[in-house]
Amino acid sequence: MIEDLQHWTVAILLLIGALFIFISGVGIVRLPDFYTRLHAATKASSFGSGLILLAVALHFVDAWTAIKCVLIILFVFLTAPVGAHMLGRAAYFLRIPMWQGTLVDELKGQYDLERHTLSSDSGQDADPETAKPDQP
Amino acid sequence: MDPSASFPVVMATYVAFAFIVAAYLCCFWRLVRGPTLPDRVVALDLIAIYTLAVCAAYTLLTGDPVFLDVALVLALTAFLSTVALALYLQRRMDKS
């Protein structure tokens with residue numbers, strides 16, 4: 001009885017994880033520009049692989065395997081945002097174009113791409129419609 | 001193949017493999033098509049995470065958790081390669 005419960009829990013976790021991984025694959029094809037594709041690729045895939053590793057840890061009732069799974073989950077959840085941030089930063093520096101429906105680009109006109117410095121004088125060279133949408 | 005593996009786990013593993021293979025195909029399409037270089041880097045990173053998930057799910061079929069070590073090393077190298085490629089992109093921008 002309790003083994004049946006364990007097996008079905010493992011199966012359901014595995015299926016949900018695979019579904020999230022499939023969603024990330026759909027997102028990387030269907031989304032319109034680089035930044036939204038980065039959003040789809042990072043979050044959905046790390047959550048899906050985390051669920052699959054959780055299913056593995058539940059399947060083997062073994063402390064060492066569970067420790068390894070938790071280690072991999074922690075590592076993926078720590079490194080995926082760091083890698084995505086570095087990629088997005090490099091892409092912004094390379095002036096990868098955004099989708100034309102993008103509403104907010106807070107760095108537009110505020111960031112010096114040659115010297116890598118950020119200026120905070122709002123309103124001078126920033127486009128008021130795109131940079132500050134909530135202030136009149 | 002583990003003879004003691006239960007029916008729902010084996011079936012769920014095969015269905016999960018089907019989903020992950022579909023995601024692989026989407027990712028390869030983006031890798032070939034991708035209009036810019038960062039798109040291709042994201043696709044490569046994603047392929048590494050999919051391979052990690054396949055390694056983890058394959059331990060359920062064999063009943064031997066040794067593939068988790070492969071997954072651990074794959075997570076390490078995937079992060080290193082992503083960081084290296086991102087730094088390369090930024091360095092290239094700074095030179096030009």
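I started with the secondary structure of chain B and counted 3 helices and 0 strands; helices (H or I, at least four residues) and strands (E, at least two) are DSSP runs, numbered from the N terminus. Reading along the sequence, I noted the pattern α-α-α. The radius of gyration of chain B came out at 17 Å, well over the 12 Å that the globule rule gives for 96 residues, so the chain is more spread out than a compact globule. For my own reference, that radius is taken over C-alpha atoms, and the rule is 2.2 Å times the number of residues to the power 0.38.

A note on the source: this is a predicted model, where local features need pLDDT of at least 70, side-chain atom pairs count only at pLDDT 80 or more, and totals for chains, interfaces and linings use all residues. Residues are numbered from 1 along each chain as its sequence is written, while chains are lettered from A and ligands numbered from 1 in the order in which they are written.

Next I boxed the C-alpha atoms of chain B along the principal axes and got roughly 60 × 25 × 15 Å.

Then I turned to the partner chain. I found 43 residues of chain B in contact with 44 residues of chain A, a contact being two C-beta atoms, placed from the backbone, within 7 Å. Helix H1 (7–33), helix H2 (37–62) and helix H3 (67–95) of chain B each supply at least two residues of the side that touches chain A. H2(B) gives the most to that side, with 15 residues.
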